[in-house]
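I have a new structure open and want to get to know it bit by bit. These are my notes, in the order I looked things up.

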Amino acid sequence: MIEQPLIRIICTSVHHNNTGRVADTLADALHANVHSPEEAKTLDVSESDLLGFGSGIYFGRHHQSLLQLVDSWPTRPCRVFIFSTAGLPFLRWFQHCALRRRLVRRGFEVVAEFCCRGWDTVGPLWFMGGINCKHPNAKDFANARAFALKIKDTIQKDH
Ligand SMILES: Cc1cc2nc3c(=O)[nH]c(=O)nc-3n(C[C@H](O)[C@H](O)[C@H](O)COP(=O)(O)O)c2cc1C
């Protein structure tokens with residue numbers, strides 16, 4: 001019997017559940033479970049082959065609860081991927097910086113990153129219906145799925 005790699009996704013999605021729906025797509029493709037940062041505090045993640053971390057982007061970074069979770073963990077050499085939805089996804093490299101830096105500092109190996117557009121009604125954007133209406137859409141979910149399958153391939157080759 002082929003042993004499935006143990007993959008967990010830790011996600012919080014507080015604005016419109018944009019990232020939550022992307023997390024479900026990734027979890028489905030990877031046969032992974034999705035946990036909140038709160039649940040992840042009590043999880044034994046040391047046996048995981050791969051961890052995914054994701055949230056919306058709020059003021060240029062991932063959600064505070066994810067950043068605090070990583071800060072509270074001991075150093076562990078495990079592979080991870082980062083994902084997000086954002087009003088301005090083309091700023092992905094910069095907006096993932098705070099989380100990426102923390103993960104690297106804790107000994108994680110960041111193997112892949114994904115970001116797509118998410119419906120954004122922050123502040124005055126609310127009055128015009130927001131930006132990125134209807135995102136993530138079917139194409140975003142298809143891209144997320146392709147991203148997940150690519151990582152799965154890499155993990156399975158090494159497993
Ligand atoms: C308080 C707040 C701050 C935000 N700041 C940013 C930002 O700095 N950069 C960006 O690209 N999007 C920003 N956004 C847009 C969100 O990242 C986007 O709507 C995301 O899809 C929300 O994900 P969620 O529904 O999973 O919470 C912000 C949204 C909110 C509510």
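**Entry 1: what I am looking at**

I remind myself that this is a predicted model. I keep that in mind for each value below.

**Entry 2: the ligand and its place**

Where does the ligand sit? I found it in the largest pocket. Then I checked which elements give two or more residues to the shell around the ligand, and these are α1, residues 18-30, and β4, residues 79-86.

I went on to the shell itself. There are 21 residues around the ligand, and Ser13, Thr19, Ile57, Tyr58 and Thr85 come nearest. I also wanted to know what kinds of residue make up the shell. It divides into 8 nonpolar, 12 polar and 1 charged.

**Entry 3: backbone atoms facing the ligand**

Next I looked for backbone atoms by the ligand's oxygen atoms. For Ile57, a backbone N or O atom lies 2.5 Å from an oxygen atom of the ligand. Val14 also has a backbone N or O atom by a ligand oxygen, at 3.1 Å. For Asn17 I noted 3.1 Å between a polar backbone atom and an oxygen atom of the ligand.

How much of the ligand does the protein bury? Taken alone, the ligand exposes 640 Å², and the protein buries 89% of that.

I turned to the backbone angles. As a rule, most residues other than glycine have a negative phi, and most peptide bonds are trans. I went looking for exceptions.

Phe59 is one of them: its phi is near 55 degrees, a positive value in a residue other than glycine. I located Phe59 in the loop between β3, residues 50-56, and α3, residues 64-72. Is Phe59 buried or exposed? Its relative accessible area is 82%, so I wrote down exposed.

Lys134 also has a positive phi, near 70 degrees, and it is not a glycine either. I found Lys134 in the loop between β5 and α6. Lys134 counts as exposed because its relative accessibility is 75%.

In that loop I also came across a peptide bond to note. Which two residues does the cis bond join? It joins His135 and Pro136, with omega at about 0 degrees. Pro136 has its place in the loop between β5, residues 109-117, and α6, residues 138-158.

I stayed there for Trp119, which is found in the loop between β5 and α6. At 30% relative accessibility Trp119 counts as partly exposed. I then compared positions: Trp119 and Gly130 are 11 residues apart along the chain, and their C-alpha atoms are separated by 6.7 Å.

**Entry 4: helix α4 and just past it**

I moved on to helix α4, residues 92-95, where I found Gln95. Phe94 lies in helix α4 too. What is the accessibility of each?

Phe94 has a relative accessible area of 57%, so it is exposed. Gln95 has 11%, so it is buried. The cut-offs I used are under 20% for buried and over 50% for exposed.

I looked up distances for both. Phe94 and Leu43 are 51 residues apart in sequence, and 29 Å apart in space, C-alpha to C-alpha. Gln95 and Ile82 are 13 residues apart in sequence, with 11 Å from C-alpha to C-alpha.

His96 came next, in the loop between α4 and α5, the latter being residues 97-105. I read 0% relative accessibility for His96, so it counts as buried. What joins the side chains of His96 and Ser84? I found a polar contact of 2.7 Å.

Val22 is buried because its relative accessible area is 0%.

Technical notes. Residues are numbered from 1 along each chain as its sequence is written. This is a predicted model: local features need pLDDT of at least 70, side-chain atom pairs count only at pLDDT 80 or more; totals for chains, interfaces and linings use all residues. Side-chain values use heavy atoms; hydrogens and water are left out. A residue is near a molecule or strand if one of its heavy atoms lies within 4 Å of it. A polar contact is a pair of N or O atoms within 3.5 Å; within protein, one must be able to donate a hydrogen and the other to accept it, and residues adjacent in sequence count only if both atoms are side-chain atoms. Accessible areas come from the Shrake-Rupley method with a 1.4 Å probe; for residues, only the protein chains shown count as cover. On a 1 Å grid over the protein atoms alone, a cavity is a set of points where a 1.4 Å probe fits but cannot get out, and a pocket is an open set with protein on both sides within 12 Å along at least five of seven lines; lining residues have an atom within 4 Å of a point. A molecule sits in a cavity or pocket if more than half of its atoms lie within 2 Å of its grid points. Helices (H or I, at least four residues) and strands (E, at least two) are DSSP runs, numbered from the N terminus. Ala, Val, Leu, Ile, Met, Phe, Trp, Tyr, Cys and Pro count as nonpolar, Asp, Glu, Lys and Arg as charged, and the others, Gly among them, as polar. Buried means under 20% relative accessible area, exposed over 50%, partly exposed in between (1.4 Å probe, protein chains only).
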